[in-house]
Amino acid sequence: MNAPSRREQNRMDRTRRILDAGLQVFAEAGYSGTTMDAVAAAAGLSKPTLYQYFPSKDELFQAMMLGLRDRMMAV
C-alpha cells in the first residue's frame, strides 16, 4: 500500500485537528452551546474551511462520536 500523498496527509491532519477541537468544545459547552465558530477557532481554522470538512454541527458531532466509538472498540 502506498503512503498517502502530502495533500491527503494534510487533509487527514486537518480532519483530526477539527475532531479534537470539536471534542474539546462540545465537552466544555455541551451540544446546544457549541457553535461552528467556536470549533473553527479552537482548531485554528476559518469557518468556511471547517464547513468544507463538516457541512453542519450535527455531521461534525456524528463523526466525532463515531471516531470515539472506534477508538473505544479498538482497546
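Here's a quick tour of the helix packing and the salt bridges in this structure. Keep in mind that the model is predicted. Helix α2 spans residues 36–43 and has buried residues that pack against α1, α3 and α4. Across the whole structure, a search turns up three salt bridges.

**Helix α2**
- Met36, Val39, Ala40 and Ala43 are the buried residues of α2. They sit on the same side of the helix, because they cover an arc of only 100° around its axis.
- Their packing partners are α1 (6–33), α3 (47–53) and α4 (57–74).

**α1 against α4**
- The two helices pack at about 105°, and their axes are 10 Å apart, so α1 runs roughly perpendicular to α4.
- The contact residues split into 10 nonpolar, two polar and four charged.
- On the α1 side they include Leu19, Leu23 and Phe26, and on the α4 side Leu60, Phe61 and Met64.

**Salt bridges**
- Asp20 pairs with Arg16, with 3.1 Å between the closest N and O atoms. Both are in α1, four residues apart, or about one turn of the helix. Asp20 is partly exposed at 37% relative accessibility, and Arg16 is partly exposed at 38%.
- Asp37 and Lys47 form a salt bridge at 3.3 Å, N to O. This pair links distant parts of the chain, with Asp37 in α2 and Lys47 in α3, 10 residues apart.
- Asp70 and Arg69 meet at 2.8 Å, N to O. Asp70 is partly exposed at 42%, and Arg69 is partly exposed at 45%.

Terms used: Residues are numbered from 1 along each chain as its sequence is written. This is a predicted model: local features need pLDDT of at least 70, side-chain atom pairs count only at pLDDT 80 or more; totals for chains, interfaces and linings use all residues. Side-chain values use heavy atoms; hydrogens and water are left out. Buried means under 20% relative accessible area, exposed over 50%, partly exposed in between (1.4 Å probe, protein chains only). The arc is that of the directions from the helix axis to the C-beta atoms. Contact means heavy atoms within 4.5 Å. Axes are lines fitted to C-alpha atoms, for helices over the stretch in contact, and angles run from 0 to 180 degrees between N-to-C directions. Angles under 35 degrees count as roughly parallel, over 145 as roughly antiparallel, 65 to 115 as roughly perpendicular and the rest as oblique. Ala, Val, Leu, Ile, Met, Phe, Trp, Tyr, Cys and Pro count as nonpolar, Asp, Glu, Lys and Arg as charged, and the others, Gly among them, as polar. A salt bridge is a side-chain nitrogen of Lys or Arg within 4 Å of a carboxyl oxygen of Asp or Glu.
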